[in-house]
Amino acid sequence: MGPEALSATALGKQVGVPQSTLSKWLKRATVGVMTSESEQQPKALTTSWPCRA
């Protein structure tokens, strides 16, 4: 942000990473920060005893 900010395309060219990859990384980082632990994928429930019907 600001008058000297680089576009994602310009940054990608400067560091040798495609703009699409930069966008994916940004999205993953933002989702990880913005998502609370309770909103993330639930872990599978497991039981350690046999269930009887």
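Contact here means that heavy atoms lie within 4.5 Å, and in that sense Val 17, once its neighbours within four places in sequence are left aside, is in contact with Gly 12, Leu 22 and Trp 25. This is a predicted model, in which local features need pLDDT of at least 70 and side-chain atom pairs count only at pLDDT 80 or more, while totals for chains, interfaces and linings use all residues. Residues are numbered from 1 along each chain as its sequence is written, and side-chain values use heavy atoms, with hydrogens and water left out.

**Chain overview**

- The chain holds 2 helices and 0 strands, where helices (H or I, at least four residues) and strands (E, at least two) are DSSP runs numbered from the N terminus.
- Of the 53 residues in the chain, 6% are buried, a class set at under 20% relative accessible area, with exposed over 50% and partly exposed in between (1.4 Å probe, protein chains only).
- The accessible surface of the chain is about 5,400 Å², and 59% of that belongs to carbon and sulfur atoms; such areas come from the Shrake-Rupley method with a 1.4 Å probe, and for residues only the protein chains shown count as cover.

**Helix α1**

- Leu 11 lies in helix α1, which spans residues 8-15, and is partly exposed at a relative accessible area of 34%.
- Gly 12 is also found in helix α1, but this residue is buried, because its relative accessible area is 5%.
- Beyond its neighbours within four places in sequence, Gly 12 is in contact with Val 17 and Leu 22, and its C-alpha atom is separated by 9.9 Å from that of Ser 23, 11 residues apart along the chain.

**Loop between α1 and α2**

- Val 17 is placed in the loop between α1 and α2 (19-34), and counts as buried because its relative accessibility is 19%.
- Pro 18 has its place in the loop between α1 and α2 and is partly exposed, with a relative accessible area of 47%.
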